[in-house]
Amino acid sequence: MNRLKFLFVSSLLSAGLFITSCSSSEEPQSSGESLISLKVLTDTDFQSRSFDESTYNDLNNYTVQLLKDGETTADWTWKYSECPSSIKVSAGNYQLKAFCGENIPASTQAMYVEGISEVLNVTGTEEELQTLSVLCKPVCVKVKVVFAENMGTYFSDFSVNIKTQALGEDAFVWKKNDTDPVYLKVNDKEQVSMAITLVKLSDGTSSTIDKIYELSPKQAITLNLAPVVTQDEGNLGITIEIDETTNDHEMDITVPGEWK
């Protein structure tokens with residue numbers, strides 16, 4: 001009887017030592033959640049005669065989204081004014097996205113500004129506050145075409161067909177009476193094709209000049225077109241000059257980065 005009692009007590013002691021050994025080797029249990037702060041910045045301080053681009057510097061016009069593993073939900077989509085400064089999240093990969101405007105290939109009325117942060121890996125065991133910060137910039141190039149005043153002396157019609165990857169099979173057509181710049185969604189160093197179509201006033205014949213320009217977001221170019229007549233042969237053509245020095249010559253503006 002005493003022997004059985006001794007064996008039972010020994011078993012309890014062994015079990016207790018085993019449990020103590022396991023628990024002491026483990027880290028303290030975490031809640032499985034971490035706190036991250038959200039920060040949105042913009043780089044869009046400029047203006048144009050066509051519309052007030054400084055609207056895009058007002059954070060209250062932005063939509064903010066928190067993405068987990070590349071996905072977002074309605075619960076994590078806010079207007080900037082309603083966006084929390086910090087949020088408690090579980091383990092995963094997170095990105096902060098903010099955007100303003102309509103994500104369309106081309107527009108003379110508005111442009112699209114967007115920013116997506118780097119991926120932040122959250123393990124759910126962090127004790128310190130982590131920050132997700134995103135800088136929003138235009139994802140488009142600003143293009144303007146200026147026809148010389150005497151184009152109508154030689155041509156009954158003239159236009160420029162602009163094609164980008166975002167436009168797909170479509171094209172933006174800059175007509176002879178257009179004046180407002182167009183904002184075209186492009187990739188970095190994208191090859192943008194511009195087909196200049198001219199209809200001669202004298203005989204109604206049409207000709208096209210194909211050009212390709214390497215353009216990137218936040219760039220701004222002005223395409224200046226003017227007629228030229230070769231006196232010795234009487235041939236009619238045009239001169240093409242690219243101006244990348246300013247957005248609008250008529251305005252005194254201050255612009256950031258490459259918007260100059």
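Which residues line the largest cavity? The close-up views below, taken from a predicted model, begin with that cavity.

**View 1. Lining of the largest cavity.** Glu102, Ile104, Pro105, Ala106, Ser107, Ala110, Met111, Tyr112, Cys140, Tyr183, Leu184 and Lys185 line the space. The largest cavity holds about 50 Å³. The count of cavities of 30 Å³ or more comes to one. Strand E6 (106-107) and strand E13 (182-185) each supply at least two residues of the lining. E13 gives the largest share, with three residues.

**View 2. An open sheet of four strands.** The strand order is E12-E11-E14-E15, and the pairing is antiparallel. Strand E12 (172-175) and strand E15 (206-215) are the edge strands. Each of these two pairs on one side only. From one strand to the next, the twist averages 20°.

**View 3. Pairing of E11 with E12.** Strand E11 covers residues 155-163 and runs antiparallel to E12. Four bridges join the two strands.

**View 4. Edge-to-face pair of phenylalanine 172 and tryptophan 174.** The structure holds four aromatic pairs. In the pair shown here, the ring centres of phenylalanine 172 and tryptophan 174 lie 6.5 Å apart. Their planes meet at 70°, so the pair is edge-to-face. How buried are the two residues? Phenylalanine 172 has 17% relative accessibility, so this residue counts as buried. Tryptophan 174 also counts as buried, because its relative accessibility is 0%.

**View 5. A charge over a ring: lysine 176 and phenylalanine 158.** The charged end of lysine 176 sits over the ring of phenylalanine 158. It lies 5.9 Å from the ring centre.

**View 6. Alternating side chains along strand E7.** E7 spans residues 113-116. Which side chains of E7 point to the buried face? Val113 and Gly115 point to one face and are buried.

**View 7. Strand partners of E7.** Strand E5 (residues 92-100) pairs with E7 in the antiparallel sense, over four bridges. Within this pairing, lysine 97 has isoleucine 116 in E7 as its bridge partner. E7 also pairs with strand E9 (residues 130-138), again in the antiparallel sense, over two bridges. Here the bridge partner of glutamate 114 is lysine 137 in E9.

Notes. Residues numbered from 1 in each chain as written. Predicted model: local features only at pLDDT ≥ 70, side-chain atom pairs only at ≥ 80, totals over all residues. Heavy atoms only, no water. Phe/Tyr/Trp six-rings, centres within 6.5 Å; stacked < 30°, edge-to-face > 60°. Buried < 20%, exposed > 50% of the residue type's maximum accessible area, 1.4 Å probe, protein only. Lys NZ or Arg CZ within 6 Å of the ring centre and 35° of its normal. Pairing = 2+ DSSP bridges. Axes fitted to C-alpha atoms, helices over the stretch in contact; angles between N-to-C directions. 1 Å grid on protein atoms, 1.4 Å probe; cavity = no way out; pocket = protein on both sides within 12 Å on 5 of 7 lines; lining within 4 Å. Points joined across faces, edges and corners; volume = space filled by probe spheres on them.
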